[in-house]
Amino acid sequence: MKLNLRIWRQDGPEDKGRLVAYRVDDADEDMSFLELIDVLNEKLILDGEEPVAFDHDCREGICGACSMVINGEPHGPQKATTTCQLHLRHFRDGETITVEPFRAAAFPVVKDLVVDRTAFDRIIASGGYISAPTGAAPEAHSTPVPKPNADRAFTAAACIGCGACVAACPNGSASLFLGAKITHLGELPQGQPERSDRVIRMVKTHDAEGFGGCTNTGECAVACPKEIPLDVISQLNRDYLAATTHRR
Amino acid sequence: MGSYSDFIVGSPLVDTAAPDGPIETRWERRRFGVKLVNPANKRKMKIIVVGTGLAGGSAAATLAELGYQVSSFCYQDSPRRAHSIAAQGGINAAKNYRGDGDSIHRLFYDTVKGGDFRSRESNVHRLAEISVQIIDQCVAQGVPFAREYGGLLDTRSFGGAQVSRTFYARGQTGQQLLLGAYQALERQIDAGNVTMYSRHEMLELIMVDGRARGIVARDLVTGETRSHLADAVVLASGGYGNVFYLSTNAKGCNVTASWRAHRKGALFANPCYTQIHPTCIPVSGDHQSKLTLMSESLRNDGRVWVPQKAGDTRAPADIPEAERDYFLERQYPAFGNLVPRDIASRAAKNVCDAGRGVGPTGLGVYLDFADAISRLGRPAVAAKYGNLFQMYQRITGEDPYEVPMRIYPAVHYTMGGLWVDYDLQSSIPGLFVVGEANFSDHGANRLGASALMQGLADGYFVLPNTIGDYLARGVEPVAADAPEVREAEAAVAGRVEKLLSIDGDRTVDSFHRELGHLMWDHCGMERTAEGLRKALDRIPELRREFWQSVKVPGAAATLNQSLEKAGRVADFLELAELMCLDALHREESCGGHFRAESQTEDGEAARRDDEFSYVAAWEFTGQGSAPVLHKEDLHFEYVTPSQRSYK
């Protein structure tokens with residue numbers, strides 16, 4: 001199949017950037033979207049042009065590296081699908097596709113489609129863990145976890161940290177990402193001792209990193225490739241309220 | 001200078017630092033025997049950890065928690081993206097929660113046998129012992145393992161085992177374990193005990209006075225190359241399966257860190273031991289950039305079959321039961337669809353070679369859930385495997401609830417790697433190697449759900465105990481401008497410059513693809529002396545062509561993904577040669593390594609224990625020149641080598 005691409009090119013953080021038109025004539029409907037860019041890049045290299053820089057690694061939908069907006073939607077039009085798992089059979093022959101980086105104040109563009117998401121790491125570093133020194137853990141069966149809690153914890157823990165929620169949000173909020181971690185650890189008995197401190201510290205970092213506030217537009221959950229449910233944000237708000245009103 | 005298909009036999013490796021005596025007490029005694037570092041001194045000691053997967057992430061977090069100053073490096077934008085994240089199925093542990101006869105000794109036994117008697121008993125026993133602690137540790141960190149309704153942990157069974165000892169978190173166990181290690185690492189970063197260098201790639205090992213003292217790393221965003229010095233260096237940089245171009249590895253996984261260390265003197269052990277995973281989605285076309293694995297746990301409920309007649313192109317539903325061949329159940333009745341990976345992979349290859357393969361390319365077999373769906377109901381199957389089914393459908397456009405999945409073996413994991421002793425120290429003092437990057441625990445074939453176990457055992461429990469023994473003996477400071485440091489920096493700069501200046505007419509990927517084809521054809525699931533010799537003739541030519549006609553656009557002082565790839569492929573072009581030589585010299589079939597010349601009458605792998613019961617550890621002598629083979633003899637006191645049978 002033949003596809004027309006309009007791809008965002010930006011040499012570096014200081015460059016203004018622009019959309020550049022390309023054409024790929026030998027695309028195949030079994031290709032993934034990233035393989036389409038591979039094909040384009042091979043051609044660009046041989047033509048003496050710089051290939052399009054983009055983040056990718058596992059190409060099986062779990063590492064969270066790929067970060068592009070396709071026709072206005074993070075990870076493209078297919079529900080619950082990362083870009084690396086998006087196949088061309090979902091596009092029409094001859095279609096024009098616009099490809100841009102994730103856009104958010106807290107995710108500066110590094111080059112072309114590559115953005116800097118280290119703000120997510122700093123949010124986790126500020127409290128998104130359970131302090132469990134190695135080698136001193138109690139026997140695993142000594143703390144039963146009710147299955148519904150374990151299941152909900154897992155559903156929230158499935159977040160891959162890709163940042164699509166931020167890119168989709170009109171406010172550039174990372175509340176879905178933050179809520180997912182708060183819910184994951186908050187559902188487990190092991191997460192209780194640090195629960196209040198965790199939410200206060202993580203929210204503080206979230207705001208300091210330049211992510212916006214949540215106004216419940218729900219775009220984040222629609223864009224999320226792992227279908228993290230919106231109720232993790234309600235959980236985040238409940239935990240935050242409880243932590244700030246019942247300070248020890 | 002000898003040609004590369006020759007090699008020189010060097011001195012044997014006799015000291016592996018493992019204690020002798022009763023195997024159950026060896027690890028405990030070794031731990032007691034190591035010298036300890038005073039807490040005040042730990043604060044002054046610096047350790048570099050390269051790689052942030054299960055082994056590297058857990059090692060960096062634990063070493064920092066012990067009080068060392070740690071610098072952690074990964075090429076991804078965040079340590080959370082290391083490829084351990086993609087492991088689906090589970091992690092083994094000898095907890096015996098099911099009361100089905102499991103024990104530390106049985107896990108030890110299964111692992112030694114599953115590795116086709118090419119691993120070390122001492123190491124494997126330690127791994128089985130520690131497996132129990134790993135589950136406790138991960139549960140304490142909040143890893144959401146699957147639970148029973150009573151709140152206790154659930155388990156399932158996996159290939160190569162008759163007991164249910166695999167702990168899992170839906171089909172995303174690797175992700176959850178990695179997030180546990182990553183969160184522990186981030187906690188130490190926040191505490192100031194770890195300095196994180198993401199988007200950095202190690203390009204050279206710095207050695208001073210015969211010891212590993214640091215690395216040269218390139219900042220992948222600015223292109224700046226800088227030296228980082230330390231008292232010890234830990235490589236946790238993963239496996240090298242990407243030498244085959246198509247594999248289940250992440251696109252960025254590479255051999256550079258290990259290969260640079262090998263060129264500086266670290267022995268490379270059993271490079272030809274590649275695991276071929278039986279359940280991957282078949283290749284669909286030339287555009288393909290990687291292969292996707294479907295968890296082996298699917299073999300618990302999926303039945304593998306092909307049509308009995310060659311060239312049968314009917315839709316699977318139109319092939320009646322009597323005309324199907326459930327070949328694993330037929331050939332291996334005791335284990336059925338759960339035979340180990342090497343056996344299942346070769347059986348699938350054999351039926352496809354006989355013309356009975358399915359799908360457009362004929363390189364595929366069915367993995368059918370129809371029986372499971374009618375027995376358990378669709379919701380129960382969806383609860384167990386839903387995300388895997390969804391992933392399959394996304395990639396192939398077919399619904400596995402309605403039609404059987406098509407699967408084919410693919411390159412998955414490399415059991416070979418840098419040689420390490422019992423303390424996980426390489427042949428270079430001060431260079432430690434953990435996880436898939438070392439060679440030690442899986443022998444010639446890895447059992448399912450053992451990779452996650454080994455990565456975490458090394459990182460959380462083994463290395464933090466053994467590295468102190470080296471550090472406690474004292475390490476002299478190195479000046480930042482020492483000649484060895486300058487030399488390593490110059491080597492990196494020269495290489496980068498050279499790659500950018502060739503400006504030929506072939507892309508890096510075209511070389512990588514060609515090398516991959518060559519390796520899959522001649523050094524893949526089945527190998528012959530003739531094929532390996534062909535590959536050994538072609539690889540040096542291909543390498544010459546690469547250095548003459550590769551085209552790497554762009555500049556050094558910027559994010560340049562073509563340059564990154566070029567450096568990695570250059571190293572694969574050297575490693576590939578060593579892999580083929582290792583495969584050629586090992587004239588036996590063993591685990592994932594099947595030599596067509598060495599098979600039993602019924603086509604099973606025939607080991608030749610009298611001649612080949614050793615680890616082959618290779619010493620580098622220069623590009624294209626005959627390497628030196630150091631043999632480490634393997635001794636079996638607790639599990640007697642026997643023909644593996646799963647019938």
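**Note on the contacts between chains and domains**

1. Over all chains, the count comes to 26 aromatic pairs; rings of Phe, Tyr and Trp (its six-membered ring) pair if their centres lie within 6.5 Å, and planes under 30 degrees apart count as stacked, over 60 as edge-to-face and the rest as tilted. One of them joins Phe389(B) and Tyr401(B), a tilted pair with 4.7 Å from centre to centre and 55° between the planes. Phe389(B) sits in helix α11 (residues 378-396) of chain B and Tyr401(B) in the loop between α11 and β16 (405-414), so the pair ties together parts that are 12 residues apart in sequence. Helices (H or I, at least four residues) and strands (E, at least two) are DSSP runs, numbered from the N terminus.

2. A word on the basis: this is a predicted model, in which local features need pLDDT of at least 70 and side-chain atom pairs count only at pLDDT 80 or more, while totals for chains, interfaces and linings use all residues. Residues are numbered from 1 along each chain as its sequence is written, chains are lettered from A and ligands numbered from 1 in the order in which they are written, and side-chain values use heavy atoms, with hydrogens and water left out.

3. Salt bridges come next. The whole structure has 78 salt bridges over all chains, each being a side-chain nitrogen of Lys or Arg within 4 Å of a carboxyl oxygen of Asp or Glu. Among them is the one between Asp110(B) and Arg165(B), whose closest N and O atoms are 3.1 Å apart. Asp110(B) belongs to helix α4 (residues 104-114) of chain B and Arg165(B) to the loop between α5 (121-141) and β5 (166-167), so this pair ties together parts that are 55 residues apart in sequence.

4. How many residues of chain A are in contact with chain B? The contact joins 79 residues of chain A to 78 residues of chain B, where contact means heavy atoms within 4.5 Å. About 6200 Å² is buried between the two chains, and carbon and sulfur atoms give 52% of this area. Buried area is the accessible area (1.4 Å probe) that two parts lose on being put together, summed over both. Glu60(A), His141(A) and Phe154(A) supply 12% of the area that chain A buries against chain B, more than any other three residues.

5. Across the interface of chain A and chain B there are 5 salt bridges. Asp55(A) and Arg199(B) form a salt bridge, with 2.8 Å between the closest N and O atoms. The interface of chain A and chain B also has 46 residue pairs in polar contact (both at pLDDT 80 or more). A polar contact is a pair of N or O atoms within 3.5 Å; within protein, one must be able to donate a hydrogen and the other to accept it, and residues adjacent in sequence count only if both atoms are side-chain atoms.

6. Which helix gives the most to the side of chain A that touches chain B? That is α3(A), with 7 residues. By class, the side of chain A that touches chain B has 40 nonpolar, 18 polar and 21 charged residues. Ala, Val, Leu, Ile, Met, Phe, Trp, Tyr, Cys and Pro count as nonpolar, Asp, Glu, Lys and Arg as charged, and the others, Gly among them, as polar.

7. Within chain A, the assignment gives domain 1 (3-111) and domain 2 (117-130 + 144-247); such bounds come from an automatic or database domain assignment. The centres of these two domains, taken over C-alpha atoms, are 28 Å apart. Domain 1 of chain A brings 20 residues to the contact and domain 2 of chain A brings 19 residues. The area buried between them is about 1400 Å², with 64% from carbon and sulfur atoms. There are 2 salt bridges across this interface.

8. Chain B is divided into domain 1 (277-411) and domain 2 (483-614). Their centres, over C-alpha atoms, are 30 Å apart, and each of the two domains gives 10 residues to the contact. The buried area is about 790 Å², of which carbon and sulfur atoms give 56%. On the side of domain 1 of chain B, Asp342(B), Arg346(B) and Lys349(B) lose the most area, together 55% of what that side buries. Lys349(B) also forms a salt bridge with Glu526(B), with 3.9 Å between the closest N and O atoms.
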